[in-house]
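Please keep the sequence and the coordinates in view while reading.

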Amino acid sequence: MVVDDRLSRVFSALADPIRRDMVARLASGDATVNELAEPYSVTVQAVSKHLKVLEEAGLVTRGREAQRRPVHLEAEVFDLMTKWIERYRREAEQRYRRLDAVLAEMAESGVERGRTDIEGEAS
């Protein structure tokens with residue numbers, strides 16, 4: 001099954017640790033392909049391929065400043081991810097609250113039943 005939606009492309013692009021590291025580096029400022037390639041033991045072409053995946057996911061864009069082509073992080077994509085994650089975090093939190101309520105109710109009724117049992121044994 002091939003899912004072609006933006007959120008899937010973003011998560012897929014971020015599945016690679018080098019791409020996640022590039023995004024982290026771009027969070028502090030724009031950088032050229034050569035600057036992004038410096039810390040890795042991969043070729044500039046490999047870094048360009050990683051950037052192409054990030055571009056297709058909408059995570060980065062490439063600009064033009066004279067001779068430089070800086071890569072820019074498109075931070076608004078994180079809003080899309082945050083909304084998706086937050087939705088499921090809230091649902092999970094609500095389920096845990098309901099479970100807590102059920103467990104509290106069980107504990108309370110168990111305590112009362114235990115008291116009744118003890119009282120019944122005493123008489």
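**Salt bridges, helix packing and overall fold**

In this predicted model, the side chains of Arg-68 and Glu-35 form a salt bridge with an N to O distance of 3.4 Å. The term salt bridge denotes a side-chain nitrogen of Lys or Arg within 4 Å of a carboxyl oxygen of Asp or Glu. Arg-68 lies in the loop between strand S1 (60–62) and strand S2 (71–73), and Glu-35 lies in helix H3 (residues 33–37), so the pair ties together parts that are 33 residues apart in sequence. Helices (H or I, at least four residues) and strands (E, at least two) are DSSP runs, numbered from the N terminus.

Because the model is predicted, local features need pLDDT of at least 70 and side-chain atom pairs count only at pLDDT 80 or more, while totals for chains, interfaces and linings use all residues. Residues are numbered from 1 along each chain as its sequence is written, and side-chain values use heavy atoms, with hydrogens and water left out.

The phi angle of Ala-66 is near 55 degrees, which is a positive value in a residue other than glycine. Ala-66 is exposed, with a relative accessible area of 69%.

The structure holds 9 salt bridges. One of them joins Arg-97 to Glu-93, with the closest N and O atoms 2.6 Å apart. These two residues both belong to helix H5 (residues 77–122) and are separated by 4 residues, about one turn of the helix. Arg-97 is exposed at 51% relative accessible area, whereas Glu-93 is partly exposed at 32%. Through salt bridges that share partners, Glu-86, Arg-89, Arg-90, Glu-93 and Arg-97 are joined into one network.

Helix H5 also contains Leu-80, a residue that is partly exposed with a relative accessible area of 33%. With neighbours within four places in sequence left aside, Leu-80 is in contact (heavy atoms within 4.5 Å) with Arg-6 and Leu-7. Leu-80 and Val-10 are 70 residues apart in sequence, and their C-alpha atoms are 9.4 Å apart in space.

Attention now turns to the packing of two helices. Helix H2 (residues 17–26) and helix H4 (residues 44–56) pack at an angle of about 75 degrees, with their axes 10 Å apart. The axes are lines fitted to C-alpha atoms, for helices over the stretch in contact, and the angles run from 0 to 180 degrees between N-to-C directions. H2 is therefore roughly perpendicular to H4, given that angles under 35 degrees count as roughly parallel, over 145 as roughly antiparallel, 65 to 115 as roughly perpendicular and the rest as oblique. On the H2 side, the contact is made by Ile-18, Arg-19, Met-22 and Val-23, and on the H4 side by Val-47, His-50, Leu-51, Val-53 and Leu-54. The residues of this contact comprise 7 nonpolar, 1 polar and 1 charged; here Ala, Val, Leu, Ile, Met, Phe, Trp, Tyr, Cys and Pro count as nonpolar, Asp, Glu, Lys and Arg as charged, and the others, Gly among them, as polar.

Within helix H4, His-50 is buried, with a relative accessible area of 14%. Residues up to four places away in sequence not being counted, His-50 touches Asp-16, Ile-18, Arg-19 and Met-22.

The overall organisation can now be stated. The protein has 5 helices and 2 strands, which follow the pattern α-α-α-α-β-β-α along the sequence. Of its 123 residues, 24% count as buried. Among contacts between residues at least 6 apart in sequence, 51% join residues at least 24 apart. The accessible surface amounts to about 8,900 Å², of which 54% belongs to carbon and sulfur atoms. Accessible areas come from the Shrake-Rupley method with a 1.4 Å probe, and for residues only the protein chains shown count as cover.

How values were computed: Buried < 20%, exposed > 50% of the residue type's maximum accessible area, 1.4 Å probe, protein only.
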